[in-house]
Amino acid sequence: MPPAKLSEYGSIPVANTVTDEAAATDPNISWVQAHQVRGDYMFASVSETPDEKFAGTGFAPAETLPSSFSPKFRDVPFGLLFLAHLAVMGWLGSKSGTWHGLLSDHLNPSIGAQDMVYIIGGSLVISFLVNLGLGIVTARFPEFAISTCLIASILNSIVISVVLVLTVPSILTFLLCFLIIMTSGWYVRTIQWFIPFSAATLKLGLKGLTANWGTYVVSILLAGAGVAFSVFWVYVANGIGCIGRVERVIDYEYDPVSDGNYHYKRRIDGKIFLLFPMLISLFWTITVLMNISQTTVAGVIGTYAFDKPSASSCCSRGVTQSLCRSLTNSFGSICFGSLLNAILSALRVLAELARESAIEDGRSSNDDECACCLACVFCCVQCILSCIEDLVQYFNQWAFIFVGVYGCGFLESGELVLNLFEERGCTAILSDSLARYVLVAMVIFSVALCGIFGALLAAFKVVSFSVWATVGISAFVGFIISAIMVNKIQGAVKAIIVCYVDHPSQMHKCHPADTEAMASAIALVFPEATHFNVCHSVVV
């Protein structure tokens, strides 16, 4: 991206003597600021002036800041469009929303309400504390945690293979299971070189979130808002006819005049045109809430990485200011990126509904061949959309890290984060994700403990539900809370990586031991980044 375009960001001053070439090879210079990326949030919460805080780091003097400086609102039209869409949904709910046909008229909401409070409340507290505790322990022994989870993945492959062989005993099954076990063992052996780097980033990300554990609370509250909107969406969608009354894409009509038989015909269901914008509304709102949480985490970790004193407590300035910025200045960028995901998700769901409709019609029609062809076409469309959705979602995660840390617009953030890794020579870091093994183990452990808690409630007659129902509800709540917290840890790890690749020397001032571990790991795992020379330049 040309410097002329980047200079339009306009909040953080940049030293004019810094060149692009120097920024790409010198870890003592921030790549972002050297490229005149004037993000609105970078170091916005520091307690000292830029001149005092960043003397000798490549940042310009404090007096170059404009006296009338104020952060800009990014991608404003998309934020306004999202708010307008919420207003339309509220109007539809007041005019057409109904539960008729979905809830029994004889349902008594008070039945089991106290039991649900015990189950959900207890499971929520247990899952929160368990994941918080596991985060603290994992931060102390990250390499051991990753190695243990990798070995557990081999044991898991062995167990699954044994079950398959016992269930379907044959030579082919045995050979297939043997191949699965060997492949799993080879992968774990080969990936050992990546463990130090993954451990270093996971450790620092967990330390940042544990110190600012208010981000977990924010994430849970936003998830609760997502659940509330989902319930409201069902209320509205049922009222306007999008639930339970969507007709089939393939239909038949009776012709009593000519031969008195049913004749096959194709047509487009009019409900589809109503369902599509409703699906966009659902996915857009939920994704916006998730990305507000993710952007907040990125902002907190950015502050923790570069200015640790401002982000070292539950409700530190780093937490409150990052949340405020996500809800104001970066709100339009969040809505913009989330809209892309929402459209793809809505199209994928429509393709899935069309495929299921074609399969159902193929069973009841005389034109099986045509119905089968349609089902195959919709299946391919669904697969393609799902792949595109996953790809967009992956790169959006990195873009939102840039939005949260530096305050750039969404499109600019997506391009800048790729340019950052490319020029620093660390593009391979984008594919490293060993931390996911630990995060999956955390979810499983949390779900298991919540299930045990539910079983104890039923065993001691604290609730009136059956044992299986209580265990199921407790495990589900534990899974939701754990998944939310684990997702934030994953975002924190990505934010640590971005901040380190941007300005390792500044991170070294706040986190010397952790930064040295990351520098050594990068030199070991990513030799193509030798021109960046992070290890020697930072450690020395």
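Biologist: In which helix is Leu449 placed?
Modeller: This is a predicted model, where local features need pLDDT of at least 70 and side-chain atom pairs pLDDT 80 or more, while totals for chains, interfaces and linings use all residues. Residues are numbered from 1 along each chain, and side-chain values use heavy atoms, without hydrogens and water. Helices here are DSSP runs (H or I, at least four residues) numbered from the N terminus. On that numbering, Leu449 belongs to helix 16.

Biologist: Why does Leu449 count as partly exposed?
Modeller: Buried means under 20% relative accessible area, exposed over 50%, and partly exposed in between (1.4 Å probe, protein chains only). Leu449 is put in the middle class because its relative accessibility is 31%.

Biologist: What is the volume of the largest pocket?
Modeller: A pocket is an open set of points on a 1 Å grid, with protein on both sides within 12 Å along at least five of seven lines, and lining residues have an atom within 4 Å of a point. Among the 24 lining residues, Ala223, Gly224, Val227, Ile480 and Ile484 are the closest to the centre. Filled by probe spheres set on the points, the pocket has a volume of about 670 Å³.

Biologist: Which helix gives the most residues to that pocket lining?
Modeller: Two or more lining residues come from each of helix 6 (113-140), helix 10 (214-239), helix 11 (270-306) and helix 17 (467-502). By class, the lining has 17 nonpolar, 6 polar and 1 charged residues. With 10 residues, the top contributor is helix 17.

Biologist: Is Met518 buried or exposed?
Modeller: Met518 sits in helix 19 (residues 512-525). Its C-alpha atom is 9.7 Å from that of Leu204, 314 residues away along the chain. Because its relative accessibility is 0%, Met518 counts as buried.

Biologist: What is the relative accessible area of Ile151?
Modeller: Ile151 is part of helix 7 (residues 142-167). Between its C-alpha atom and that of Arg189, 38 residues apart along the chain, the separation is 9.7 Å. Ile151 is partly exposed, and its relative accessible area is 49%.

Notes:
On a 1 Å grid over the protein atoms alone, a cavity is a set of points where a 1.4 Å probe fits but cannot get out, and a pocket is an open set with protein on both sides within 12 Å along at least five of seven lines; lining residues have an atom within 4 Å of a point. Ala, Val, Leu, Ile, Met, Phe, Trp, Tyr, Cys and Pro count as nonpolar, Asp, Glu, Lys and Arg as charged, and the others, Gly among them, as polar.
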